[in-house]
Amino acid sequence: MSGPGQRLLLVVACALVDSDGRILIAERPAGKALAGLWEFPGGKLEPGETPEATLIRELREELGIETKAACLAPLTFASHSYDDFHLLMPLYVCRRYEGIAMPREGQRLKWVRPAQLRDYPMPPADEPLIPHLIELL
Ligand code: 9L3
Ligand code: MG
């Protein structure tokens, strides 16, 4: 349930888009919350970070790619209430980055067309983002 006493979790996610218009999704590894679901890469905002700084760090840590704030365009906002916290998650789109995305944390990666995103089970916060990406791309 959502309520005034509920903890807020700020997570930033990214739709990384390749030159063919495909989007990168990553499988959440076994042992983590929501294991086996496919998500847009990203992670928790650390103290003092802007959302762009969070994404630059997370994309480097998880995928080994380099981007910059000017290459991150905010698209929309996900919001989902779990039992014990409320998740707020802005989604950015990134079309310009350096390097080749590699699974640096053992996660499976897939590049998929926007219309195919629905074929992959996603966390409840990520799923409502799909129509926004289909409309954009
Ligand atoms: N989460 C949901 N969708 C995403 C991301 C990156 C994260 N695209 C949720 C899963 C966890 C929380 O945010 O409940 C924190 O993520 P993590 O630090 O466990 O990856
Ligand atoms: Mg993460």
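## Reading the pocket and the cysteines

Strand S1 (7–16), strand S4 (42–44), helix H1 (51–63) and strand S6 (85–94) each contribute at least two residues to the lining of the largest pocket.

User: Which element gives the most to that lining?

Analyst: Strand S1 does, with four residues. Please keep in mind that this is a predicted model.

User: Thanks! What volume does the largest pocket have, and which residues are closest to its centre?

Analyst: Its volume is about 460 Å³. The lining has 25 residues, and the closest to the centre are Leu9, Val11, Arg28, Glu39 and Lys44.

User: How do the residues of the lining divide into nonpolar, polar and charged?

Analyst: There are 14 nonpolar residues, two polar ones and nine charged ones in the lining of the largest pocket.

User: Let's turn to the cysteines. How should I read a disulfide, and how many does the structure hold?

Analyst: The general idea first: a disulfide is a covalent bond between the sulfur atoms of two cysteines. In this structure, the count is zero. Cys14 is in no disulfide, and the nearest cysteine sulfur to its own belongs to Cys94, 4.9 Å away. Cys94 is likewise in no disulfide, with the sulfur of Cys14 as its nearest, at 4.9 Å.

Definitions and conventions
Residues numbered from 1 in each chain as written. Chains lettered and ligands numbered in written order. Predicted model: local features only at pLDDT ≥ 70, side-chain atom pairs only at ≥ 80, totals over all residues. Heavy atoms only, no water. Disulfide = S-S within 2.5 Å. 1 Å grid on protein atoms, 1.4 Å probe; cavity = no way out; pocket = protein on both sides within 12 Å on 5 of 7 lines; lining within 4 Å. Points joined across faces, edges and corners; volume = space filled by probe spheres on them. Nonpolar A, V, L, I, M, F, W, Y, C, P; charged D, E, K, R; others polar.
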